[in-house]
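Hi there,

Here is the structure I promised to pass along. Please have a look at it first, and then read on for what turned up in it.

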Amino acid sequence: MKRSRFSEEHIIGILRQAEAGMRVVDLCRRHGISDATFYKWRPKYGGMDVSDAMRLRQLEEEN
């Protein structure tokens, strides 16, 4: 499986910018991602804090 070039913390930061009112198209262009990637991240990481993402990563590594 290919490793993402974005950390969970960075992904959460991008999603928070969208929640703050920045347009998704502009965010995707700025960070070099596709719209599909953004919308795939949103259900997985949306509403998470950085500490939640770190805990999720630890659980995935244990399994």
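Glu8 is buried, because its relative accessible area is 15% and the cut-off for buried is under 20%. This glutamate belongs to helix H1. Leaving aside residues up to four places away in sequence, Glu8 touches Tyr45, Ala53 and Arg57.

Before going further, a word on confidence: please keep in mind that this is a predicted model. The average pLDDT of the protein is 87, and 97% of the residues score at least 70. Among the elements, the highest mean pLDDT, 95, belongs to helix H2 (residues 24-31), while helix H4 (residues 50-62) has the lowest, at 80.

Now to the packing of the helices. Helix H1 (residues 8-19) packs against helix H3 (residues 35-45) at an angle of about 100 degrees, and their axes are 10 Å apart. H1 is therefore roughly perpendicular to H3, since angles of 65 to 115 degrees fall in that class. On the H1 side, the contact is made by Glu8, Ile11, Ile12, Ile14, Leu15 and Ala18. H3 contributes Phe38, Trp41, Arg42 and Tyr45. Sorted by type, the residues of this contact are 8 nonpolar and 2 charged, with no polar ones.

In one of them, Arg23 pairs with Asp26, and the closest N and O atoms are 4.0 Å apart. Asp26 also forms a salt bridge with Arg29, where the closest N and O atoms are 3.8 Å apart. Both Asp26 and Arg29 lie in helix H2, 3 residues apart, or about one turn of the helix. Through shared partners, the salt bridges join Arg23, Asp26 and Arg29 into one network.

How accessible are these residues? Arg23 counts as exposed because its relative accessibility is 54%, and Arg29 is likewise exposed, at 63%. Asp26, at 28%, counts as partly exposed.

If you open the model, Glu8 in helix H1 and the network of Arg23, Asp26 and Arg29 are the places I would show you on screen.

Best wishes

Methods:
Residues numbered from 1 in each chain as written. Predicted model: local features only at pLDDT ≥ 70, side-chain atom pairs only at ≥ 80, totals over all residues. Heavy atoms only, no water. Axes fitted to C-alpha atoms, helices over the stretch in contact; angles between N-to-C directions. Helix = DSSP H or I, 4+ residues; strand = E, 2+ residues; numbered from the N terminus. Parallel < 35°, antiparallel > 145°, perpendicular 65-115°, else oblique. Contact = heavy atoms within 4.5 Å. Nonpolar A, V, L, I, M, F, W, Y, C, P; charged D, E, K, R; others polar. Buried < 20%, exposed > 50% of the residue type's maximum accessible area, 1.4 Å probe, protein only. pLDDT = per-residue confidence, 0-100. Salt bridge = Lys/Arg side-chain N within 4 Å of Asp/Glu carboxyl O.
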